[in-house]
Amino acid sequence: MEEKTPVVETGEKETVSRNFIEQEIEKDLAEGVYDHVQTRFPPEPNGYLHIGHAKSILLNYGLAQKYGGKFNLRFDDTNPTKEKVEFVESIKADVQWLGADYEDRLFFASDYFEQMYECAVLLIKKGKAFVCDLTADEIREYRGDFKTPGKESPYRNRSVEENLRLFEEMREGKYKDGEKVLRAKIDMASPNINMRDPVIYRVAHMSHHNTGDKWCIYPMYDFAHPIEDAIEHITHSICTLEFEDHRPLYDWVVRECEFENPPRQIEFAKLYLTNVVTGKRYIKKLVEDGIVDGWDDPRLVSIAALRRRGYTPESIRMFVDLVGVAKANSSVDYALLEYCIREDLKLKKARMMAVLDPVKLVIDNYPEDQMEEVEVPNNLENPELGTRKVPFGKELYIEREDFMEVPPKKYFRLFPGNEVRLMGAYFATCTGCEKDENGNVTVVHCTYDPATRGGSSADGRKVKGTIHWVAAKTAVKVECRLYENIVDEEKGKLNEDGSLNLNPNSLTVLTDCYVEPELAKAQAYDSYQFMRNGYFCADCKDSRPDHLVFNRIVSLKSSFKLKKD
C-alpha cells in the first residue's frame with residue numbers, strides 16, 4: 001500500500017528509504033525553515049478513536065521520535081454540542097496504550113479561546129473579518145458552487161468599529177444562536193470554496209466540558225486549528241487528504257494572525273479497512289440498538305475494541321508500518337491486521353489446552369481414582385517459554401470434532417479401532433461410544449497404553465493423529481466468544497437504504513467450554529493460544545474469577561499471504 005519513495009544514499013553508502021513526509025521534513029530542516037520538529041495528534045472528543053486514528057497517532061509520534069522532536073496530544077474541543085469527558089478519557093487511554101508518549105504536553109483548544117478571540121479582533125481591525133447577519137441557509141446560497149462564484153454578503157462592508165462592537169456583543173451573549181456569525185473577509189470569487197468568506201465564529205449558548213459557561217461564542221474548526229498549531233510551535237501539521245483543500249485557509253489564518261515561523265500542513269492518505277464500521281453515526285446506532293455492547297465491543301475496530309479483543313500495541317504498529325504512508329487513498333484488507341496479531345503473538349504466548357465443544361472421553365483401563373501430571377511445552381516454536389505440568393486422569397474432555405463413528409478418508413483422530421496420541425500424555429485406542437436417545441454422542445470410550453507416557457512409544461510405534469484434552473476432574477468451565485466481521489462481507493457494507501448490512505453470525509457465545517486449571521489465573525487482557533482454536537484474550541469487561549470469559553482474538557490460520565518485494 002505504500003507509495004514508492006526514492007532511495008537516498010548517505011555518505012556512508014547506506015541506503016535509506018524515506019516516505020514523502022520525511023523527505024519534506026528533512027528539506028525544511030536542511031533549508032533552515034525550522035530548527036526543530038514538533039508534531040501533534042489533534043482529535044475531536046466527540047467519539048472513540050478507531051484504527052485509522054492509530055495510523056495518525058503513530059505517524060505523528062514516530063516523526064517526532066525520528067527527528068528528536070516533541071509530540072503533543074491536543075483536543076480540538078471547539079464544538080460543545082458533541083463533546084464529552086468520556087471521549088476525552090478514552091482518547092487519552094488509547095494514545096497511551098499505543099505507546100505515543102506526549103509527556104506533559106496535554107492541551108485543549110479551549111485553553112486558547114482567549115487568544116483565538118484576540119486573533120479574531122485583530123482580523124476585524126485589519127479589515128479581514130466582519131460580523132454577518134445572514135442565516136446559515138443564506139450563507140450557503142450566497143457561497144455559490146464550483147461553477148458559480150459567490151455573492152458578497154450585504155454586511156461585508158460594515159465599518160471596523162461596528163464589527164468590533166457587534167463581535168463584543170456576541171461574546172456578551174446579546175444574540176441568539178445563529179443570529180450572527182463572524183466571517184473572514186477573503187474572496188467570494190475564489191475557485192476554492194473554503195476561501196469564500198468562511199465563518200470563523202458562531203453563537204452557541206452551550207456549556208463546554210472544559211470551560212463551562214464562560215463562552216457563548218465558539219471558533220470554527222478551520223479557524224481554531226491553525227491557531228492551536230501556531231501557539232504550540234508545531235512545525236509540521238500532518239493531516240489526512242480531506243484537508244488538502246483547506247490548506248489555503250490554514251495558511252491564510254496563521255499569516256493574517258501574524259504568527260512568526262508558522263506551521264506547515266502536509267496531507268497523507270487515510271487508512272481504510274475493507275468491510276469495517278468506523279463512522280461514529282453508525283457505531284452510535286449499533287450501541288443504541290443494543291447490537292453491540294458499547295464503543296469497545298470486540299466486533300468493532302475502535303482502538304478500545306481492538307484492545308478489549310486482545311490486539312496488542314505491537315501488532316497495531318506492525319500493521320501501520322506495513323500499510324505505509326501514501327498520497328492516494330486506498331483500502332487495506334482486514335486480513336492484514338489479523339496477520340499482524342498472529343505474527344506478534346505466535347512466539348510470545350503459551351499454547352494452552354482448551355476444549356470449546358466438549359464431549360467426554362473415558363479411558364476404561366486407567367485407574368479409577370488416579371490423577372497424575374504430565375509435562376507439556378508452553379510453545380514448541382519458542383523453547384524459552386519453558387514447560388508446565390497439566391493434570392491427567394481417567395475422564396477427559398476432548399473436542400467433539402475429534403471423534404467420528406464413521407470417518408472419511410484421511411481422518412486420523414478418534415474412531416473405533418484407531419490409535420491416537422493424547423497430547424503430552426499417552427497413546428489411546430478408541431473402543432466405541434455412547435449416545436443419547438437422539439443419536440448424539442455423549443461419551444467416547446478408549447483404552448490407553450501405559451508404556452507410552454510422554455506421548456511416544458518405546459517400540460517405535462507411530463500414530464498419525466494427536467488431539468488435545470482437558471482432565472474433567474480439574475477442568476475449569478469458561479465462556480468463549482467467537483467473533484466474525486459485524487458486516488456481511490459477501491453482500492457488502494451498506495444496504496440500498498444506507499443502513500448497515502449486518503452479519504447475523506458476528507458473535508457466537510459458547511458457554512460450556514473447558515480449559516486446563518492454569519487458565520483460572522487469567523486476568524483482564526491476558527492472552528493465550530488455545531490449541532487448534534485460535535488466540536484468546538480474557539475479557540476486560542465481563543470476565544470474573546467465578547465466570548471467566550475469553551474473546552477469540554483471531555483464528556490460527558488464514559489464506560492471507562504477505563506480499564514481499
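The chain averages a pLDDT of 92, and 96% of the residues score at least 70; pLDDT is the predictor's confidence in each residue, from 0 to 100. Over residues 1-15 the pLDDT is below 50, although this stretch has 33 contacts in the model beyond near neighbours in sequence, a contact being heavy atoms within 4.5 Å. Where pLDDT is low, the predicted coordinates should not be read in detail.

The model is predicted, and for that reason local features need pLDDT of at least 70 and side-chain atom pairs count only at pLDDT 80 or more, while totals for chains, interfaces and linings use all residues. Residues are numbered from 1 along each chain as its sequence is written, and side-chain values use heavy atoms, with hydrogens and water left out.

Two annotated regions give a first orientation. The UniProt record, in an unreviewed entry, places "domain: Glutamyl/glutaminyl-tRNA synthetase class Ib catalytic" at residues 37-346. UniProt positions are given here in the numbering used for this chain, feature names are shortened, and annotations may be inferred rather than shown by experiment. Over residues 37-346 the chain is 40% helix and 15% strand, and the end C-alpha atoms are 37 Å apart. Helices (H or I, at least four residues) and strands (E, at least two) are DSSP runs, numbered from the N terminus. For "domain: tRNA synthetases class I (E and Q) anti-codon binding", also from an unreviewed entry, UniProt lists residues 466-539. That span is 0% helix and 41% strand, with its end C-alpha atoms 30 Å apart.

Helix α7 (221-231) is mostly covered, since 9 of its 11 residues are buried; buried means under 20% relative accessible area, exposed over 50%, and partly exposed in between (1.4 Å probe, protein chains only). The buried residues of α7 are F223, A224, H225, P226, I227, E228, D229, A230 and I231. The helix is followed by H233, whose phi is positive, near 60°. Helix α8 spans residues 247-256, and its buried residues are L249, Y250, W252, V253, V254 and E256. What covers these residues includes α7 itself, together with α4 (113-125), β7 (181-184), β10 (236-240) and β11 (264-268). Just after α8, E258 takes a positive phi of about 65°.

The discussion now turns to the sheets. Strands of a sheet pair through backbone hydrogen bonds, either parallel or antiparallel. In this account, two strands pair if DSSP finds at least two bridges between them. An open sheet of 7 strands has the order β14-β27-β28-β29-β25-β26-β15, and its pairing is mixed. At its edges stand β14 (351-352) and β15 (354-355), each of which pairs on one side only.

Within this sheet, strand β25 (residues 476-483) pairs with strand β26 (residues 507-515) in the antiparallel sense over 7 bridges. V476 has V515 of β26 as its bridge partner, and K477 has Y514. Towards β29, the pairing of β25 is parallel, over 3 bridges, and the bridge partner of E479 in β29 is V549. Because 7 of the 8 residues of β25 are buried, this strand is largely enclosed by the rest of the structure. Helix α12 (residues 334-345) lies across β27 (527-530), β28 (534-538) and β29 (549-554), running at about 110° to β29; axes are lines fitted to C-alpha atoms, for helices over the stretch in contact, and angles run from 0 to 180 degrees between N-to-C directions.

Strand β16 (residues 358-363) is joined to β22 (residues 441-449) by 4 bridges, and the two run parallel. Here V362 stands opposite H445 in β22. Strand β21 (residues 427-435) pairs with β22 in the antiparallel sense over 8 bridges, and T429 has T447 in β22 as its bridge partner. The hairpin of β21 and β22 has 5 residues between the strands, and in it G439 takes a positive phi near 85°.

Finally, the cysteines deserve attention. The structure holds 0 disulfides, a disulfide being a pair of cysteine sulfur atoms within 2.5 Å. C446 is in no disulfide, and the nearest cysteine sulfur, that of C430, is 7.1 Å away. C446 counts as buried because its relative accessibility is 0%. C537 is likewise in no disulfide, with the nearest cysteine sulfur, that of C540, 7.4 Å away. C537 is also buried, at a relative accessible area of 0%.
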